[in-house]
Amino acid sequence: MGRSPSAGALASILALGLLVAPAAPAAADTGTAPREIAVFPESPPTVFAHEAIVFAGATGFLHRRDASTDYLWTRYDSGETVVVKDLAGLSPLALRSAGGDLVLIRGQVPAKPAPGKFSVLDLSDQSWQQLAPPTGYILLGFFGRTLLARTGTSGVAPELFTLAADGTWTGTAVSGLPAGANATITPIGDLTSAVLPYSTPGGSLRYGLLDLATASVRPLSGPVGGGSSGGWRLTGDSVAWASVVNGEGVYQIFSRSGVTTGTNTEARVLTTASERLARSVIVGDGVVGAMLEPESPYYRFPAISASTDATSGTTVLPMLDWGSTALVQAPDGRALAVGGTSAKDWAVHRLSAEPGTAPAATPLLPVRDAVGNAGLVYHQGQVRHAQTEIDPTTGTMRYAVFNHPLVTDASTRAGGTPLRGKPPAACPSDVPCLPLVEGNRTGAAYVAPGLNGAADTLVRFDTDAYNSQETPLTTHHGRLVDVGNGYVLVNDGATNNQQVVDVARGAVVRTAPTTGAALWFSTLWTATGTAGQLKAVDLTNGRTTRTVSTGTPCVPSEVQTSARWLWWACGSAGPAGVYDLQGNRALTVPAGPAQLGDGFLVRHEAGALRLTDFHDGTVRAPVELADLPVGNPADGRRLTWAVDRHGAGVAYVDANDAVHVLDTGVPATSVQLGGYETSGDAFPRAEVPGMSVVVHPTRPLVSWTMTISRKWTGEVVHRASGGTVRELFLVSWNGRLASGQPALNGPYRWTVTGTTGEGSSAVTIGSAEFRVGCGTFPFRGYDCYGGPGLLGVKSTGEGHWYGTRQTGTVPGRLYDNGWTDNWCLSCTGAARTTALVPFGDFNGDALPDLLVRDGNGYLKAHLGIGQLYFGANTTKSLGGGWGGYKAILAPGDLNSDHHDDILAVDTYGKLWLSTTTGAGGIRSRVQVGSGWNMYTRIIGAGDLNGDGHGDLLGIDTYGVMYRYLSNGRTGWSARARIYGGWKDYTAVIAIGDLNEDGHNDLLARDTHGVLWHYAGTGTGTFTGRVKAGTGWNMYKTLA
């Protein structure tokens, strides 16, 4: 095994994918030798094991694990742990410290019933004392072999009793209490002393320190017992009262020896955060505390020290287990705590501190539940490892899934989460397992069986197994065969049917008899029922797109697919083979359970994983990848080993549950477009203008570029690029150019290229068409989806708009929208149409309009709606007096204000300009020329030379055409001759860019009704004519 590569190189290695092969066995010869590229050790559980410390003694501690009711005793010195069976059935609240390693049980012990007696257990050797208190006395406490009790008579001092060898009690009256005081049950004590509460004759509660050796009480001075109680602590030389006073946590710490001897009776006051008081202990000469609320297994607060020196505020443990049992006072100025930095080092710790130093945590007992392998899946550069773990709140087994991405992008997240979805069915031999199958866009998935005859459920998740989604299925006890791009393939366990389910819709899109089948993105490959035949079905439309023959006399019972290859098998004994979808050839490979990669096959046999390489059409002899003993079940696919069919990767789980990842070294098929989803067309002026595409490459990418270009011209209008992509990426475009201007209406194409390794050349992955709608309208364009429009009006007034097919393969082919408008050419007065002038946007709504003059000389703008239709639209008047013009023209913008303007030629040949405001207004006319009577036809042709200004054409009586190029300042260049031959046309129309090459064109109709197309060159001239249609004499007017 070679030196491990860097993370970046590793991503590139896996992105490059596998080798490819076919033929009869030949000497092993892969592109590069297989090698191990990563090892992921067994993952710790996703949840912290819970350890409840019940009691901290002198030589060990009593505790419980997770939800278990067993009591465990662990020694400090050796770490030896034994089960304390005699405590079975007792609540932890029934156990009271009796000093040293002793616990007191006042009630009955189920394992040791002793009516009328109390019980004391020495945990160090599990020996019992079961004693009856002196007759007539009330038990106040028991410490070592000393019993504290009093009679029921008020005001009588309690007594300390010791047990003689003959079983009799010898009592000594407690001294030091005020006369008439009544003692109550001690809250805390050890083998040396105890805190003794008592009430004075006046009813006040007081506390004293009872010295067990002398049976004397010394009062504890100060405001002890006040505030919100945090309770007593007794350890080492410290006896302390903790309480919340005025919102602050206050510790009053007495010297036990000082109080007993009377040499130091004053409390040392130490303050701490009030929220840490309820869960706090004395360690050394300071305090360690942690927040307690909310008491939940999902909250783990730090344990923080408080002292009167510089060590205050030190974090002793970054995380503490939940509950009050995670931080417990121990003897000798120490404490026990359950916590750590992560589940890996979670343990019971002993906290200790020398005077003036910060507390230190020493691990005593690891707190970690066992985990085990439960499944493995490898998909597009990411390994998912399923493990079993214990739920500490219930003590039951559950699953967790750990992501190990080898190719990382924004969508990947390493680490593990517990599985919250419905449980999967048990694997063969009742082995716990999570049989995950993963596919693009669907994520990892499995089938959960229904209960009590209910149907199955599909459970799936992406990066987080905890946040899974569920889709109801109609199968019963089904098996998930494969997952594709939003589809799942399920064999129904109750019938002989196989279903393909569209996950997003939760709908069954195909049902057929169970057979060999597999998914590749949105394609289903399935056996047809004819021996040796397989077919591809496009699941988006249900059509069969390809059929192949393997040449074998059996119907495949199992099928797998990758970018270029199909693997099929007729049962576990074979025969089996692969089919090269690019080379159209069938190859024979060894039979047996296998997983297909991109150009290779992996089988598990004779305790080893073996690789068969066929990437170049030659089937090579098997190569051993790794030793892997046969487990239970014997077919360990997706349980103990897995193959990434999108690349060169193989992974397996060893005996220690570590995941090993191998690069087989097999060269991969060139990356392709596995599929895509799009939001549709781009509408740059809409509230939500963008067009977005989710692209699914068949392999991970190191980099990608999306180029958006106009369909007909190839002009690039937008580019986007990105780095590493494991499974998919999203590209959005708002339909605007870099300048912010909305792009031209019409068809566009996005094309994706990408690289699959550092230093590799970019390859084209795929492309698709879409449209820009209602963006920038071209000259003479009216339809939101692009192309110019041509209006033909019959003598009856019947108007037909013609557009061009934007989805075709050839631009500029006119089609008839039918009878759309009615323009009466023979009427009189206001009902008559005397001029139709295609215009740009008159009223500022970005939609082109149509100017129409009536028989009374009034001009109106029929406001466009983004369609080839103007018959009943809203109109806006431009006033009267337009009847005196023999021609009204709309060549485009003439004064560089970005609004289309109007030219008119009167009967004297004078040329008048009326500029528009772009908001439905028109300015007074200005004469900008004369002598235009020399032309029999004047045409507002739009921009002919690419400078953005509207130009004019004039045809004289000889049929010669001249051009006038606008200077953008309401003037024109000197006329320039184009060429003659225009005299024989009955109509010449400025059509705009008919052939979608970026230049404005002309249409001309001859006397025979033939329509001719003259393509603009962009330099003010036109190419030779091309026939564009016949039968156009049906129209009296063309505009």
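The questions and answers below concern a predicted model of one protein chain.

Visitor: How many helices and how many strands are there in the protein chain?
Guide: Counted as DSSP runs, strands need at least two residues and helices at least four. On that basis the protein chain holds two helices and 85 strands.

Visitor: Is the protein chain a compact globule or more spread out?
Guide: For 1039 residues the globule rule gives 31 Å, whereas the radius of gyration of the protein chain is 45 Å, which is well over that value. Along the principal axes, the C-alpha atoms fill a box of roughly 145 × 80 × 55 Å. Because its radius of gyration is well over the rule, the protein chain is more spread out than a compact globule.

Visitor: How far apart do the C-alpha centres of domain 1 and domain 4 lie?
Guide: In the domain assignment, domain 1 comprises 237–324 + 344–369, while domain 4 covers 673–772. Between the C-alpha centres of these two domains the distance is 60 Å.

Visitor: Which residues make the nonpolar surface patch of about 360 Å²?
Guide: One of its members, Tyr466, is found in the loop that runs between strand E38 (457–461) and strand E39 (469–472). Patch residues must have over 30% relative accessible area, and Tyr466 has 32%, so Tyr466 counts as partly exposed. The patch is made by Tyr298, Tyr299 and Tyr466.

Visitor: What share of the accessible area of the protein chain do carbon and sulfur atoms supply?
Guide: Of the 1039 residues, 54% count as buried, which means that they have under 20% relative accessible area. The protein chain as a whole exposes about 41100 Å², and the part supplied by carbon and sulfur atoms is 51%.

Technical notes
Residues are numbered from 1 along each chain as its sequence is written. This is a predicted model: local features need pLDDT of at least 70, side-chain atom pairs count only at pLDDT 80 or more; totals for chains, interfaces and linings use all residues. Side-chain values use heavy atoms; hydrogens and water are left out. Patches are made of residues with over 30% relative accessible area and no salt bridge: like charges are joined within 9 Å, nonpolar side chains (Val, Leu, Ile, Met, Phe, Trp, Tyr) within 5 Å. Accessible areas come from the Shrake-Rupley method with a 1.4 Å probe; for residues, only the protein chains shown count as cover. A salt bridge is a side-chain nitrogen of Lys or Arg within 4 Å of a carboxyl oxygen of Asp or Glu. Buried means under 20% relative accessible area, exposed over 50%, partly exposed in between (1.4 Å probe, protein chains only). The radius of gyration is taken over C-alpha atoms; the globule rule is 2.2 Å times the number of residues to the power 0.38. Domain bounds come from an automatic or database domain assignment.
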